[in-house]
Amino acid sequence: MRVARPGDLSAGELEVWRELRAKSQAPENPFMEPEFTLAVGRVRSSARVAVVYEDGAPAAFFPYEKGKLGQGRAIGFGVSDCQGIVAAPQLTLNQGELMRACGLSSWEFDNLEAGQSLFVADAAAEYASFVIDVGAGYASYETILRQQSPKFFKTTAAKERRLGRQAGEVRFVFDERDPAALARLMEWKSAQYRRTGRRDRFAQDWINTLVQQLAHTRAPGCSGVLSVLYAGEQPVAAHFGLRSRTVLACWFPAYDPEFAKFSPGLVLHLRMAEAAAAEGIGMLDLGRGAAEYKDALKTGEIPVYEGASTRPGAGAVLHWIGREPSRRAHGFVRKRPRLAEFAQRSLKRAGRLRGAGK
């Protein structure tokens, strides 16, 4: 086994990584491709990849970030929506030996992929990642929507028509290359984070730069896709995500609040589903976390896991002290709808107060 910075992996190793991933039974999530890890490696000096060899050939790739006292995290932790190890199915690995070789006392994950048997036993919580299945084509998906949410679909279609009448012809671009459109999306998203009392991800330079880099990434397993909904010549909603041949990982959606009454975000997602199906993409992964728009759009869900694997030692103790109390508190709130609703209202109120203070 050897541990390397992502950028130090050879072309041959990267190709083996892609081949191992292609042979797995898991959905082709772009976050699990080497291009995502390479991009993180360019903005995070703590990024590493453990390459496990069998009979002299690479047989597994474990991307991670290493902190103080060996406290590790999944690569791109905080923004990565799919995490884990990429390994040959027949490979037998010992978790403790792997972490020891990486110099890790703990390895934290918040979107561990289903089927990651090496780590899933250490999960503290399971979440649903909501998905849209368009494998049978958009017409089939639209039929499902009309059956399960007839009022939602009819209302959204009516709002789209009204948007066209009042703001100009509605058009959609699935793969927009205009950097100004990406900048506008990031502005909207930052404002949304602040408005809802959440930490602004785009205020962190590494996330900002990572998105900019991935916007220019073009690889079969991982390509940045910026989708924009226009009314006239004005963008009213946009989304940036990553796609593989068969999966579109939905990542950063946002819209112009001035057009909120037209539900441009919902219109955008329906147009994205239609365009994705036409591109041969079979699934849109909306990610974990409850949201009304996800409930309206989803056709199903897949599990993801949160937790940490640890080795005995001071680093593991520090991880527990630093993370487990807050994790348990979040779990306590999540299981109590009234308390969760109160917490959400409090976050939004705090966001409004911060905005008013500027």
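Reply: What follows is a conversation about this predicted model, going from the whole chain to single elements and residues.

Me: Start with confidence, then: what is the mean pLDDT of the chain?

Reply: The mean pLDDT of the protein chain is 90, and 87% of its residues reach 70 or more. Over residues 350-358, however, pLDDT stays under 50, and for that stretch the model has eight contacts beyond four places in sequence.

Me: And how many helices and strands are in the chain?

Reply: The secondary structure of the protein chain comes to eleven helices and 14 strands. Of the 358 residues in the chain, buried ones make up 49%, and of the contacts between residues at least 6 apart in sequence, 73% join residues at least 24 apart.

Me: Which residues have the most contacts inside the largest nonpolar core?

Reply: They are Phe62, Trp107, Phe240 and Trp251, within a core that has 64 residues. Helix H6, which covers residues 179-195, supplies the largest share of this core, with six residues. Apart from it lies another core of 35 residues, among them Phe174, Phe259, Met272 and Ala296.

Me: What does Phe240 touch, if we leave aside neighbours within four places in sequence?

Reply: With those neighbours set aside, Phe240 is in contact with Leu182, Leu185, Val211, Leu214, Ala215, Gly224, Val225, Leu226, Trp251 and Phe252. Of these, Trp251 is also one of the residues with the most contacts inside the largest core.

Me: Let me switch to strand E11. Why is it largely enclosed by the rest of the structure?

Reply: Strand E11 runs over residues 234-243, and nine of its ten residues are buried, so the strand is largely enclosed by the rest of the structure.

Me: Which strands does E11 pair with?

Reply: Strand E10, residues 222-231, pairs with E11 in the antiparallel sense over nine bridges, and Ser223 stands opposite Arg243 in E11. E11 also pairs with strand E12, residues 247-255, again in the antiparallel sense, over six bridges, and there His239 stands opposite Pro253 in E12.

Me: How many residues sit between the strands in the hairpins?

Reply: The hairpin of E10 and E11 has two residues between the strands, and in this hairpin Gly232 takes a positive phi near 70 degrees. E11 and E12 form a hairpin with three residues between them.

Me: Which residues are buried in H1, and which exposed ones are on the face turned away?

Reply: Glu13, Leu14, Trp17, Leu20 and Arg21 are buried in H1, whereas the face turned away from the buried side carries the exposed residues Ala11, Ala22 and Lys23. The buried residues of H1 pack against several elements, including strand E1, helix H2 and strand E6.

Me: What about H4, which residues are buried there?

Reply: In helix H4, residues 138-148, the buried residues are Tyr138, Tyr141 and Leu145. Seen down the axis of H4, they fall within an arc of 60 degrees, so they line one face of the helix. Ala139 and Gln147 are exposed residues on the face turned away from that buried side, while the buried residues pack against strand E7 and helices H5, H8 and H9.

Me: One more topic, single residues. Where is Val43, and what does it touch?

Reply: Val43 lies in helix H2 and, leaving aside neighbours within four places in sequence, is in contact with Trp206, Thr209, Leu210 and Gln213. The C-alpha atoms of Val43 and Trp206 are separated by 5.5 Å, although these residues are 163 apart along the chain.

Me: And where does Leu93 lie?

Reply: Leu93 lies in the loop between E5 and helix H3. Its relative accessibility is 25%, so Leu93 counts as partly exposed. Not counting residues up to four places away in sequence, Leu93 touches Val52, Ala60, Ile85 and Leu118, and the C-alpha atoms of Leu93 and Ala60 are separated by 9.4 Å.

Methods
Residues numbered from 1 in each chain as written. Predicted model: local features only at pLDDT ≥ 70, side-chain atom pairs only at ≥ 80, totals over all residues. Heavy atoms only, no water. Buried < 20%, exposed > 50% of the residue type's maximum accessible area, 1.4 Å probe, protein only. Helix = DSSP H or I, 4+ residues; strand = E, 2+ residues; numbered from the N terminus. Pairing = 2+ DSSP bridges. Contact = heavy atoms within 4.5 Å. Core = buried A, V, L, I, M, F, W, Y, C linked by side-chain atoms within 4.5 Å. pLDDT = per-residue confidence, 0-100. Arc of directions from axis to C-beta.
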